[in-house]
Amino acid sequence: MFHLASSLYTQYTKREQYNVLILGLDNAGKTTFLEHLKLLYPTPNETKKAEGAPDTTETIRSKRILPTVGQNVATIKYEGSDSHQFTNINLKFWDLGGQKSLRSMWSRYYKSCHGIIFIIDSTDTERFHECYETLMEITHDQSWSDENNGFDFVNVPILMMANKQDLPTAVDLISLKTGYFIDLVSELEATDLKLLPVSILENQGLRESLDWLVTRLVYNKANKMPQYK
């Protein structure tokens, strides 16, 4: 009885924390995405972002963001578009380096993550096949089998973000779904996956994308319980 009461107390007095990996090839915009989230959302110790804050697009353009070698970590207090939904959630992001030599380290984080964001440079058509192969490696990694009844297939939601949609050379979402990534969409149609268009630099689609991911993280709690902080 004590343990049940203690568990209920924890769930009602502490915030749910979900760990999210930010993956993708190098130069896709992963670190810029994390830096922009830090401007848009408060930290766990803040109540909310100050009113009249400077334009995040101008701020992010002024930052000198270097390629990630290793990892960048940040935690935000999630604020959904619907203020009455999911009011008790923190998101901890792990931005992992996307260079080919660093991708072998990604699997070390799979067991502790609740969701994956995979960012695609939608202007870099020459690397779309590499994106496809990398995503297949992620979803079929053996690490998933230890907590998935021996079935080595991803059991967390995946948000694919088609970045740089503000540029004239970007491939649009319909072409990505029905052309370049049709095999990927077909193969992963039974999983919890979504491909959404964004411009990370211009703050287009970031909140909407995160709203979708949080909805799926909460829905997937039966498979992956959050931490309580």
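Buried residues are those under 20% relative accessible area, exposed residues those over 50%, and partly exposed residues those in between, for a 1.4 Å probe and protein chains only. The structure is a predicted model, in which local features need pLDDT of at least 70 and side-chain atom pairs count only at pLDDT 80 or more, whereas totals for chains, interfaces and linings use all residues. Residues are numbered from 1 along each chain as its sequence is written, and side-chain values use heavy atoms, with hydrogens and water left out.

Most residues other than glycine have a negative phi. K164, by contrast, has a positive phi near 70 degrees. K164 lies in the loop between β5 (158–163) and α5 (173–180); helices (H or I, at least four residues) and strands (E, at least two) are DSSP runs, numbered from the N terminus. With a relative accessible area of 22%, K164 is partly exposed. N203, which is not a glycine either, has a positive phi of about 55 degrees and is found in the loop between β6 (193–197) and α7 (206–219). The relative accessible area of N203 is 27%, so this residue is partly exposed.

Leaving aside neighbours within four places in sequence, M160 is in contact (heavy atoms within 4.5 Å) with F118, I120, L135, L184, L193, K194, L195 and L196.

Helix α4 (residues 128–139) has twelve residues and reaches 17 Å from its first C-alpha to its last. This span is close to the 16 Å expected at 1.5 Å a residue, the expected span being 1.5 Å times one less than the number of residues. The buried residues of α4 are F128, C131, T134, L135, M136, I138 and T139, and what covers them includes β1, β4 (115–121), β5, α5 and α6 (182–187).

E16 is placed in strand β1 (residues 16–24) and is buried, with a relative accessible area of 13%. The side chains of E16 and Y18 are joined by a polar contact of 2.8 Å. A polar contact is a pair of N or O atoms within 3.5 Å; within protein, one must be able to donate a hydrogen and the other to accept it, and residues adjacent in sequence count only if both atoms are side-chain atoms.

An unreviewed UniProt entry places the feature "binding site" at T31 and T68; positions are given in the numbering used here, feature names are shortened, and annotations may be inferred rather than shown by experiment. Although spread over 38 residues of sequence, these positions cluster in space, with a largest C-alpha distance of 7.1 Å. T31 is in helix α2 (residues 30–40) and counts as buried at 11% relative accessibility. T68, in the loop between α3 (56–62) and β2 (71–77), counts as buried at 8%. The side chain of T68 makes a polar contact of 2.9 Å with the side chain of N72.
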